[in-house]
Structure formats: structure tokens, C-alpha cells
Amino acid sequence: MSPDRAETSALIGLGGNVGDVCASMQFAIDTLQTNAQCRVTKISKIYKTPPWGVTDQDWFFNACAEIKTSLMPEALLDQLLTVERLRGRVRDVRWGPRTLDLDLLVYGDTTVATERLTVPHPRMAERSFVIVPLMDIAADRTVLGHTIADYAKELDLAGIEVAAQELTLPIT
């Protein structure tokens, strides 16, 4: 970790529905860990979730992770986009099929609103496929005045199942 900048706790959403998504998510965790400015500290269970947005596609696998990072928010976004590309992510259909999707959900208590990035993620509280895995690692975390647990109480959690696969924290 860079001694020049303090660590910030960031929450990342991981998902996909094309190919071996669980292997892609583990690749993302392992790759983030190799960045000297990132340290993966918590990982949720993996959940199988119905498609959202474009519903005529395969079900998704979703998880969330907490990282401690000295990267600034847009630099962290760049890192996430690089990892997606390494796993073959092509952005051609909004909410469509994808090999790997990495979303920066929360970055400390910081609010960011640029053309490239909005943090906290503007739709995270509406998405059970984000909130359910966040319950595993950050149920008491306050985002925009409400805890993750508060958001979970407001959502329809039907159809979300714990997957048999698990992600593992890289050995440091």
C-alpha cells in the first residue's frame, strides 16, 4: 500500500452470466490483490440471481467484496475496467450478457459525480443482486443515510439463491 495516501474502504460489486463467471470473479479478486494499492479484505457468498434490465438472458452470478485502497475513485474505476477487459468484457448491450461486471459501489464516505463515475452507485439500493451480497460483508455500513440492512428490508429478494461455488481471499 502506498505510504503517501491513507487507505479507504471501497465496496465492489462482481457479477456476470457468460462463461465461467465464478472463475472470472476469482480472477478479479486475485488481480485486485496484486495491485500494491489494493487489499481485498472481505468477500461475500456468491448468489445466483435472475437477470435485471434485459430479462431474456441467462441468470447471473453476483458477489461483493470490500477492498482497502489508496487509489483515488477514478483510478480504482480504471483498475476495475482493466480487469473486466482482461476477462473479455465487451460493452455492447446495456444490462446485457457479460463475462464479468465490476462496479464501484461505495468509496469510503465520499460522494463522486463525474461523467465517468457516480459513487455511491446510483441504483445499488434498488438492486437485490447488490444488496444481498453486501449484507454478508457490510450490513451495518451506512450509505446515503441508510444501512445496507435498511435497504434490504425494502427489496423483493425472491429468486436469489446461494450458489455452491465460493470465492477465496488471496493469501498475502
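Helices (H or I, at least four residues) and strands (E, at least two) are taken here as DSSP runs, numbered from the N terminus. By that reading, the protein chain holds 4 helices and 10 strands, and along the sequence they follow the pattern β-α-β-β-β-α-β-β-β-α-β-β-α-β. The radius of gyration of the protein chain, taken over C-alpha atoms, is 15 Å, close to the 16 Å that the globule rule gives for 172 residues, so the chain is as compact as a globular protein of that length; the rule itself is 2.2 Å times the number of residues to the power 0.38.

The model is predicted, so local features need pLDDT of at least 70 and side-chain atom pairs count only at pLDDT 80 or more, while totals for chains, interfaces and linings use all residues. Residues are numbered from 1 along each chain as its sequence is written, and side-chain values use heavy atoms, with hydrogens and water left out.

Along its principal axes, the C-alpha trace of the protein chain spans about 45 × 35 × 35 Å. Of the 172 residues, 52% count as buried, where buried means under 20% relative accessible area, exposed over 50% and partly exposed in between, with a 1.4 Å probe and protein chains only. Contact means heavy atoms within 4.5 Å, and residues 24 or more positions apart account for 71% of the contacts with a separation of 6 or more.

Helix α3 (residues 128–138) has 9 of its 11 residues buried, so it is largely enclosed by the rest of the structure. Among the buried residues of α3 are F129, I131, L134 and I137. The buried residues of this helix pack against β1 (8–16), β2 (38–43), β3 (47–49), β4 (60–69), β5 (101–107) and α4 (148–153).

Two single residues, from other parts of the chain, are set side by side below.

| Residue | Relative accessible area | Class |
|---|---|---|
| Q79 | 19% | buried |
| I171 | 84% | exposed |

Q79 is found in helix α2 (residues 73–86), and its side chain makes a polar contact with the side chain of N35 at 3.1 Å. A polar contact is a pair of N or O atoms within 3.5 Å; within protein, one must be able to donate a hydrogen and the other to accept it, and residues adjacent in sequence count only if both atoms are side-chain atoms. Not counting residues up to four places away in sequence, Q79 touches T31, L32, N35 and L71.

I171, by contrast, lies in the segment after β10 (161–162). The C-alpha atoms of I171 and V40 are separated by 10.0 Å, although these residues are 131 residues apart along the chain.
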